[in-house]
Amino acid sequence: MDGIKLKEKILNEVKCEVQKLDFTPSLCVIQVGNNPASNVYIKQKEIMCNNVGYKFIHKKLSDDITEKEILHLIDKLNKSDDITSILIQMPLPDYLDEKKIQNRVNPLKDVDGLNDINIINLINNKQGLKPCTALGVLELLNEYKITLKGKKIAIIGRSTLVGMPLFHLLENKDATVTLCHSKTINLKEITLNSDIVICAVGKKHLITQDMINKDTIVIDVGINKENGILYGDVDFENIKNKASYITPVPGGVGPLTIACLAKNILESYNIQK
Ligand code: NAD
């Protein structure tokens with residue numbers, strides 16, 4: 001499954017929609033500190049915004065800022081008509097309460113879909129902004145015309161960022177979903193009994209070829225860096241000829257996260273309107 005090609009397709013579609021608007025939607029990213037990985041991710045967001053035609057605002061705050069000051073800034077951005085989307089760049093320094101800060105973002109501007117109100121909407125299959133990586137997995141499955149109704153799907157990893165929202169998205173599409181995690185006993189038995197295996201853990205080659213049946217669909221969300229090389233959670237080389245579809249790392253799910261952020265910024269603007 002080619003995530004790069006699909007990303008370009010989605011970004012072009014979004015760009016066309018944005019050109020029709022008589023207003024320029026915007027993304028404001030709030031960063032606390034100077035985490036090098038965050039700097040890279042924020043740059044990618046800026047490039048995407050410039051490409052699609054969004055206004056990009058970066059609020060880079062020093063890591064001695066108080067929680068009260070951040071909450072005050074979010075309140076101001078929530079009220080601003082010029083700022084249509086807000087994203088809190090994770091991770092935040094330990095002294096800050098991530099959940100409290102995330103929940104302060106107006107749910108209609110919360111393009112990460114991590115505000116509790118958006119999570120409740122997701123669980124109840126209601127309109128709302130949803131987490132980008134989970135949406136990206138859905139985009140890939142949809143692009144390759146993989147029907148989900150009635151399929152047995154194993155998700156490995158239950159984070160609020162990826163695994164948990166994916167569970168609800170897929171379950172809302174009438175799949176039968178098993179959510180696995182670090183305490184799951186006999187993971188192999190579950191993956192061998194699944195039509196689709198989605199891994200979002202962060203452990204290189206956790207999924208080996210003996211855990212996959214012939215023709216299983218394998219989606220690898222994991223990103224692991226070793227000696228400067230990126231690996232997924234799936235042993236791609238030994239599974240690629242066995243699976244019916246498989247995503248590479250890099251070039252699979254990763255590009256779709258940014259593409260779905262572009263879609264979410266547009267959706268955020270539309271639902272506010
Ligand atoms: P996380 O650390 O929050 O969650 C990891 C999950 O894996 C937990 O639920 C844990 O229970 C489970 N787990 C740990 N060890 C396990 C094991 N041996 N067997 C089964 N389950 C196990 O991580 P996250 O934020 O969900 O990210 C997961 C991976 O996805 C990371 O590699 C991250 O870099 C990557 N990621 C990629 C994108 C992307 O755009 N491609 C986006 C977000 C995260």
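Two notes before we start. This is a predicted model, in which local features need pLDDT of at least 70 and side-chain atom pairs count only at pLDDT 80 or more, while totals for chains, interfaces and linings use all residues. Residues are numbered from 1 along each chain as its sequence is written, and side-chain values use heavy atoms, with hydrogens and water left out.

**Stop 1: the open sheet**

Select the 5 strands that form an open sheet in the order β5-β4-β6-β7-β10, with parallel pairing. Strands here are DSSP runs of E with at least two residues, helices are runs of H or I with at least four, and both are numbered from the N terminus. Two strands pair if DSSP finds at least two bridges between them. At the edges you will find β5 (176-180) and β10 (245-246), each pairing on one side only. Now show residues 152-156, strand β4, which is joined to the parallel β5 by 5 bridges. Ile 153 stands opposite Val 177 in β5.

**Stop 2: the ligand**

Which ligand atom lies 3.4 Å from a backbone N or O atom of His 181? Look for a nitrogen atom of the ligand. Next, find the ligand oxygen atom 2.8 Å from a backbone N or O atom of Arg 158. An oxygen atom of the ligand is also 2.9 Å from a polar backbone atom of Ile 223. Of the 860 Å² of accessible area that the ligand has on its own, the protein covers 72% (Shrake-Rupley method, 1.4 Å probe).

**Stop 3: Thr 133**

Go to helix α6 (residues 132-143) and pick Thr 133. Is Thr 133 buried or exposed? Thr 133 counts as buried because its relative accessibility is 15%; buried means under 20% relative accessible area, exposed over 50%, and partly exposed in between (1.4 Å probe, protein chains only).

**Stop 4: β3 and Asn 78**

Show strand β3 (residues 85-88): Ser 85 and Leu 87 point one way, Ile 86 and Ile 88 the other, and all are buried. Leu 87 is the bridge partner of Val 29. Then select Asn 78 in helix α3 (residues 67-79). The side chain of Asn 78 reaches the backbone oxygen of Arg 104 at 2.8 Å.

**Stop 5: backbone details**

Most residues other than glycine have a negative phi, and most peptide bonds are trans. Check Met 90 and Pro 91, which are joined by a cis peptide bond. The bond from Val 249 to Pro 250 is cis, with omega near 0°. Finish at Asn 227, which has a positive phi of about 50° although it is not a glycine. Asn 227 counts as exposed because its relative accessibility is 77%.

Notes. Polar contact = N/O pair within 3.5 Å; in protein donor to acceptor, adjacent residues only side chain to side chain.
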